[in-house]
Amino acid sequence: MSKILIRGAKVLGGEPQDVLIDGQTIAEVGAGLSAEGAEVVEAGGKVLLPGLVDLHTHLREPGREDSETVLTGTRAAASGGYTTVFAMANTFPVADTAGVVEQVWRLGKEHGYCDVQPIGAVTVGLDGRKLAELGAMHESAAGVTVFSDDGKCVHDAVIMRRALEYVKAFGGVIAQHAQEPRLTEGAEMNEGVVSAELGLGGWPAVAEESIIARDVLLADHVGSRVHICHLSTAGSVEIVRWAKSRGIAVTAEVTPHHLLLTDELVRTYNPVYKVNPPLRTERDVMALREALADGTIDIVATDHAPHPHEDKDCEWAAAAMGMVGLETALSVVQETMVDTGLLDWAGVADRMSFKPAQIGQATGHGRPVSAGEPANLTLVDTAYRGLVEPAGFASRSRNTPYEGRELPGRVTHTWLRGKATLVDGKLT
Amino acid sequence: MDKHDAQSDARPVLEGPDIARVLTRIAHEIVERAKGADDVVLLGIPTRGVFLARRIADKLEQITERKVPCGSLDITMYRDDLRMHPPRALARTEIPGDGIDGKLVVLVDDVLFSGRTIRAALDALNDIGRPRAVQLAVLVDRGHRELPIRADYVGKNLPTSLRETVKVQLAEEDGRDTVLLGAKPDAQ
Amino acid sequence: MQRHLISAADLTRDDAVLILDTAEEMARVADRPIKKLPTLRGRTIVNLFFEDSTRTRISFEAAEKRLSADVINFSAKGSSVSKGESLKDTAQTLEAMGVDAVVIRHGASGAPYRLANSGWIDAAVVNAGDGTHQHPTQALLDAFTMRRRLIGPDAGLGQDLAGRRITIVGDVLHSRVARSNVDLLHTLGAEVTLVAPPTLLPVGIETWPCEVSYDLDSTLPKSDAVMMLRVQRERMNAAFFPTEREYSRRYGLDGDRMARMPEHAVVMHPGPMVRGMEITAEVADSDRCTVVEQVANGVSIRMAVLYLLLGGNEPAVTHTRTEEKQDR
């Protein structure tokens, strides 16, 4: 059956309409469409969004298949409503050559749950010294346009300048993990009242903000665009706001967890809350929400970072940094942005689909829900509320900070170019 | 001792003057049996045993016109029922300056019941020194021994049932001197 | 119910006074011919030391043995831990041997908290120092030493340290001793002042229940006790201060400075001392310095803690202060 009629869906949160998919494309959007020859999905007032796009995912393959693979990661993505994920370069081996990025890209294609756009490393081996073959990665079958040393900061100002300049030749963008390395030696959590009390090494906000400040100035100077990964502090928001007001080509992302959680949780010493950049304060959380609402922060990106159980079931210092996020991202955004009135569903579509696709140049993704567009769609039961149960995750890892927490919203259906990857909350 | 307050139906079996009289008698018996009480050291078991020991020491001083060494022996850390209750606050162990080696130690307690307190006291003494002999003085012996222990000096033998409680009140702690016999609250 | 001793901040005033009073009785055992009590007979305690600390370990060991517990010493060096075994596996292995309590010293802040709260083991956990977080028995022995010196062994019974002015000097940033002492001394009613160069004070200290000063000389005349913290020479290389010489000149305690303290005031040090750095030999060897007493008091305090946690069917120290902690 090649036709699917989604009946009574609130497209981008608007009035209920019917959406007819024919093959890989949206054929028609309107009221009272004919169901003839089509499989009918009764949306019953659920919200229909364009397929979500995650600009920041760690799929771990190759190298750490014990925590995630392209298959399990893309299944998790489909469960969370995503139709495209950008796979970070910090694999083993590092995605710093055309060979590695093509492998990841091909695996995503084969599995067919979600498009996988590899991100190339900026420097060889992520060591910050020598530019990787950015052009070769761009020209490969994977067509890499986003480059990042995420996990590490491109801290050398000259290397960063060159990278920003070099990718202009083919319209690439550098996504910076902003972390001044000397200021964060031994850093284990946000530096502030809680770290002082807990005796954990402080990760000061200024270590992020100083790099962002430098990089927006560099981008301005060389006329490049720069993307800031997982912005986490109120100060970073101020810098990006200032840069945008000056017309600097900067875009920024925020993770769902930085929109919801604070460093108070670290008092439990439970490493499920250990993440880089660290959870910040209530004031930062509020500034990030406001910035996402007013567009200073362009997008939500998950920084989905799977880790095996043993890397979290240990003392804080020994634990790995990171949280899984693909399967809870939309719920957290509903909780923090929609249910608080900061953003409507059209805004969510913008921050989680249109804009990330635009920044990453993901062709065919992040398109409007209208006739003629590729049928990359996500249906969300926004009235649902339930406890997060990691046992049900499609991801190979369970390191979620939301276990047992009640969150709103549940993705029930995902279509990738007209093919259902998720039906009634179950992967196909 | 029994924690609950004296019941309204608890009846006094010894009053102030009775207590003074039996302590005087015990003091005389100690002098007689210890042949002048030259080497007697009194050790009271906290809380009320300590007050009784001091009173007996005063009486001994009146009789012998000599100061009789008097101290306290906390047996908490030697109890055999420690794991049946939350840890108790410790009381003071105060051994008189000349110690107890070669002395006649008279342990003083308010009520002799199962004998387990005295067993613990003998163990505690063992870690402190080696007395010539150890004797026991109690205000009330209510029976129901669970160990082969008996008192050398008894103020009053009080036959009781296990459903009854014996409560000793002393002026130093309770504001008055009396021994009350009552019923256990849960047995009513 | 609090079955563990993880942080000095978890103790209420009454808990802390009960521990100090119990330690006072325990101290008297040290004067007896037989320095042993049968109280923890049949209980097994493991001293699980992931960091070298001979003094703390032997202090706990002496306390455990005086209470007749069976003692197992486990040092991470040369053990399965150095072969990559996790804290969880190590703890579970030990518990399988029938351990009633784990005394843990660990380089990672929060490791004892994790051990006590992750469901890995059932045994009681006593924190013997974790990273730069807490060292609660050190704070208790320090408070015990202060109470004995400033009030008196017998007069101090039942008393806290209300109104006493305590100055703590040195590397507060890296010091679990400072954190524990600030928490406990505040609970006991003392007024604490921390003195250090700004580089050795943590960001976020403004919420601590104490005063902060950069100037030692102005603080000394208002102190009933001055606690000097060890300053590791390596800190110099990380630019926390320019030279050892400059550090001692500004923050070291020498005879002249000691003379500015009130007559009754004492000098304390958790040890090991770096003579010539934070303290001169003249001060370290003076009668006002309580370093040796602190060691002896450490055994009494640890006996008291172990008795109150393990001596009954449930711990005597039962109160948590989570709410108050969050207020700060």
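**Entry 1: A:D303**

I looked up the contacts of A:D303, leaving aside its neighbours within four places in sequence, and found A:H56, A:H230, A:T255 and A:G325. Two residues are in contact here if their C-beta atoms, placed from the backbone, lie within 7 Å. The model is predicted: local features need pLDDT of at least 70, side-chain atom pairs count only at pLDDT 80 or more, and totals for chains, interfaces and linings use all residues. Residues are numbered from 1 along each chain as its sequence is written, and chains are lettered from A and ligands numbered from 1 in the order in which they are written.

I then checked the record. UniProt, in an unreviewed entry, lists A:D303 for "active site". UniProt positions are given in the numbering used here, feature names are shortened, and annotations may be inferred rather than shown by experiment.

I placed A:D303 in the loop between β15 (299-300) and α10 (329-338) of chain A. Helices (H or I, at least four residues) and strands (E, at least two) are DSSP runs, numbered from the N terminus.

Is A:D303 buried or exposed? A:D303 is buried, because 28 other C-beta atoms lie within 10 Å. The cut-offs are 20 or more other C-beta atoms within 10 Å of its own for buried, 12 or fewer for exposed, and in between for partly exposed, with C-beta atoms placed from the backbone. I also noted the backbone: A:D303 has a positive phi of about 50 degrees although it is not a glycine.

**Entry 2: the recorded binding site**

I went back to the unreviewed UniProt entry for "binding site" and found A:H58, A:L59, A:R60, A:N90, A:N276 and A:H307. I followed two of these residues.

A:H58 sits in the loop between β6 and α1 of chain A. A:H58 counts as buried because 28 other C-beta atoms lie within 10 Å. Beyond its neighbours within four places in sequence, A:H58 is in contact with A:M88, A:N90, A:H304, A:A305 and A:P306. One of these, A:N90, is itself in the "binding site" annotation of UniProt.

A:L59 is also in the loop between β6 and α1 of chain A. A:L59 is buried, because it has 29 C-beta neighbours inside 10 Å. With neighbours within four places in sequence left aside, A:L59 is in contact with A:E68, A:V70, A:G73, A:A87 and A:V104.

**Entry 3: backbone checks**

I looked for cis peptide bonds. The bond from A:E61 to A:P62 is cis, with omega near 5 degrees. I found A:P62 in the loop between β6 (52-57) and α1 (70-79) of chain A. The bond from B:P46 to B:T47 is cis, with omega near 0 degrees. B:T47 lies in the loop between β2 (40-44) and α2 (48-64) of chain B.

I also noted A:L12, which has a positive phi of about 55 degrees and is not a glycine. A:L12 is in the loop between β1 (3-11) and β2 (16-22) of chain A. I put A:L12 down as partly exposed, because it has 19 C-beta neighbours inside 10 Å.

**Entry 4: chain C against chain A**

I counted the contact: 19 residues come from chain C and 17 residues from chain A. On the side of chain C that touches chain A, α3 (87-96), α4 (111-117) and α6 (176-187) of chain C each supply at least two residues. α4(C) gives the most to that side, with three residues.

**Entry 5: the two domains of chain C**

I found chain C divided into domain 1 (8-134 + 297-322) and domain 2 (136-293); domain bounds come from an automatic or database domain assignment. Their C-alpha centres lie 25 Å apart. How many residues of domain 1 of chain C are in contact with domain 2 of chain C? I found 26 residues of domain 1 in contact with 24 residues of domain 2. On the domain 1 side, α1 (13-29), β4 (124-130) and α11 (291-310) of chain C each supply at least two residues. The largest share of that side, eight residues, comes from α1(C).
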